[in-house]
Structures are given as structure tokens and as C-alpha cells.
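Please keep the sequence and the model in view while reading.

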Amino acid sequence: MPGRIVTCRVLNRNGNQCTGEAVDESAELLICTRHLAEAQRLIHAAFQRAKKGT
């Protein structure tokens with residue numbers, strides 16, 4: 001019997017929760033692969049901006 005599916009906790013601007021499956025159901029941050037990739041892109045861009053500022 002399969003376990004329950006843990007869904008992504010990201011909300012859109014209308015307050016609707018994402019229905020994607022969480023990457024790691026035991027993690028503190030429950031996000032799907034789409035939102036994980038988006039966060040990685042944002043972090044990378046922030047590091048690039050910080051590098052240019054030095």
C-alpha cells in the first residue's frame with residue numbers, strides 16, 4: 001500500500017496551493033521540483049549580483 005503523497009506548500013498570488021509532489025517529504029521546506037528549480041535560479045542570480053558588487 002503506497003504512503004500518502006506530501007504536496008508542495010508554495011501558494012500562488014491567489015492563495016491557491018501548488019499541487020506538485022514535494023521533493024523530500026521529511027524536509028522542513030516542502031517544495032516540488034518546479035519551485036526548487038525556481039529558487040535555485042533566484043539564488044544563483046543573487047550570487048551573481050553580489051559578485052559584481054565587489
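The points below go from the whole chain to individual residues. This is a predicted model, in which local features need pLDDT of at least 70 and side-chain atom pairs count only at pLDDT 80 or more, while totals for chains, interfaces and linings use all residues. Residues are numbered from 1 along each chain as its sequence is written, and side-chain values use heavy atoms, with hydrogens and water left out.

**Overall form**

- The protein chain holds one helix and zero strands; helices (H or I, at least four residues) and strands (E, at least two) are DSSP runs, numbered from the N terminus.
- With a radius of gyration of 15 Å, well over the 10 Å that the globule rule gives for 54 residues, the protein chain is more spread out than a compact globule. That radius is taken over C-alpha atoms, and the globule rule is 2.2 Å times the number of residues to the power 0.38.
- Along the principal axes, the C-alpha atoms of the protein chain fill a box of roughly 55 × 25 × 15 Å.
- Of the contacts in the protein chain between residues at least 6 apart in sequence, 9% join residues at least 24 apart; contact means heavy atoms within 4.5 Å.

**Surface and charge**

- Buried residues account for 15% of the 54 residues in the protein chain. Buried means under 20% relative accessible area, exposed over 50%, and partly exposed in between (1.4 Å probe, protein chains only).
- The accessible surface of the protein chain is about 4900 Å², and 54% of it belongs to carbon and sulfur atoms. Accessible areas come from the Shrake-Rupley method with a 1.4 Å probe; for residues, only the protein chains shown count as cover.
- The protein chain has 8 positive and 5 negative charges, whose mean positions are 14 Å apart. Lys and Arg count as positive and Asp and Glu as negative, without His and the chain ends; each charge is placed at NZ of Lys, CZ of Arg, CG of Asp or CD of Glu.

**Cysteines and His35**

- Zero disulfides are found in a search of the whole structure, a disulfide being a pair of cysteine sulfur atoms within 2.5 Å.
- Cys8 is in no disulfide, and its nearest cysteine sulfur, that of Cys32, is 3.9 Å away. Cys8 counts as buried because its relative accessibility is 0%.
- Cys32 is likewise in no disulfide, with the nearest cysteine sulfur, that of Cys18, 3.8 Å away. A relative accessible area of 6% makes Cys32 buried.
- His35 lies in helix H1 and is buried, at a relative accessible area of 12%. Not counting residues up to four places away in sequence, His35 touches Cys8, Val10 and Cys18.

**Thr33 in the helix**

- Thr33 belongs to helix H1 (residues 33-52) and, at 58% relative accessibility, counts as exposed.
- Beyond residues up to four places away in sequence, Thr33 touches Glu21 and Val23.
- Thr33 and Ala22 are eleven residues apart in sequence, and their C-alpha atoms are 7.3 Å apart in space.

**The segment before H1**

- Thr7 lies in the segment before H1 and is partly exposed, at 25% relative accessibility.
- Leaving aside neighbours within four places in sequence, the contacts of Thr7 include Gln17, Thr19 and Leu30.
- From C-alpha to C-alpha, Thr7 and Phe47 are 29 Å apart, and they are 40 residues apart in sequence.
- Asn16 is also found in the segment before H1, and it is partly exposed with a relative accessible area of 45%.
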